[in-house]
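Dear colleague,

I am passing on the structure below, together with some notes on what turned up when I went through it. Please read them with the model open beside you.

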Amino acid sequence: MKRFVFILVLISLGALSCGKHSVVRKYYVLEIPMVSDTTGVFQLINEDATLEVAPAIISPPFADRRIAIRIRDHELTYFLSHLWATTPRDAITNLLETYFQRSGLFLTVSSKGWKILPRYELTTFVHQLEVVQNRKRFVAHLQMEWFLRDTKLNKVVVYHNFDRYEIIPQKDLNLFARTISNMLHTELKAFSTKIAQKLRNREAADRP
């Protein structure tokens, strides 16, 4: 009898294990076209136009790899099987560093390893990075601020902020990641244009 019960338990456990489906996780990246968006806008680079890209500062509810979804005004939850491939801090910091390295605006750009104080420092704040549940639709929401500080003068010389929403055609997190990437690219072009104008004016003022 005991042996019969033991066999029944084994069969039951086997049936349960076969009935379970493994959870497949999907990972998403932030990527933008890495081309020079400032070519032709700024052509003269002062030899001290060096830039340090500080690690992006992400608001805590959106800082880890879980993708946040806003259900109501003050209610957030997170997707269980849909994650960022890296933390938003690393993804955005690396993206900014590569973008400005290729922009032609600065002689040297780096997020680390400085032995001397760079002339400029870029600080990034990400206040919101989320999917908004709007009835039966998804909406991408990104709110950010950028501060370009002149370290010699110890003051902010270029500031750019935005708070953007965009409807996603389908409930597809790949489209969400693409939409956020496009937002970043558009705003980076606007920000780099401001920087180019500022540095160009400085170059003109420094000429004899």
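Leu-83 sits in strand β5, and in this predicted model its relative accessibility is 8%, so the residue counts as buried, the limit being under 20%. Although Leu-83 and Lys-26 are separated by 57 residues in sequence, their C-alpha atoms are 6.3 Å apart in space. Once the neighbours within four places in sequence are set aside, the contacts of Leu-83 include Lys-26 itself, along with Arg-25, Tyr-27 and Tyr-28, and Leu-83 also touches Arg-65, Arg-66 and Ile-67.

The charged side chains deserve a separate look. Side chains of opposite charge can pair when their charged atoms come close. How many salt bridges does the model hold? The count comes to six, and three of them are described here.

In one of these salt bridges, the side chains of Glu-130 and Arg-70 meet with N and O 2.9 Å apart. Because Glu-130 belongs to strand β7 (residues 120–134) and Arg-70 to strand β4 (residues 66–72), this pair ties together parts that lie 60 residues apart in sequence. Both partners are buried: Glu-130 has a relative accessibility of 1%, and for Arg-70 the relative accessible area is 16%.

Another salt bridge joins the side chains of Asp-150 and Arg-119, at 3.0 Å from N to O. Asp-150 is in strand β8 (residues 137–150), whereas Arg-119 is in the loop between β6 (108–110) and β7, so parts 31 residues apart in sequence are tied together by this pair. Asp-150 and Arg-119 are likewise buried.

Glu-121 and Arg-149 also form a salt bridge, with their closest N and O atoms 3.0 Å apart. Here Glu-121 lies in strand β7 and Arg-149 in strand β8, so the pair ties together parts that are 28 residues apart in sequence.

Arg-135, in the loop between β7 and β8, has a phi near 55°, which is a positive value in a residue other than glycine, and at 78% relative accessibility Arg-135 counts as exposed. Asn-154 is found in the loop between β8 and β9 (155–168), and its phi is near 55° too, again a positive value in a residue other than glycine. With a relative accessible area of 56%, Asn-154 is exposed.

Conventions
Residues numbered from 1 in each chain as written. Predicted model: local features only at pLDDT ≥ 70, side-chain atom pairs only at ≥ 80, totals over all residues. Heavy atoms only, no water. Salt bridge = Lys/Arg side-chain N within 4 Å of Asp/Glu carboxyl O. Helix = DSSP H or I, 4+ residues; strand = E, 2+ residues; numbered from the N terminus. Buried < 20%, exposed > 50% of the residue type's maximum accessible area, 1.4 Å probe, protein only. Contact = heavy atoms within 4.5 Å.
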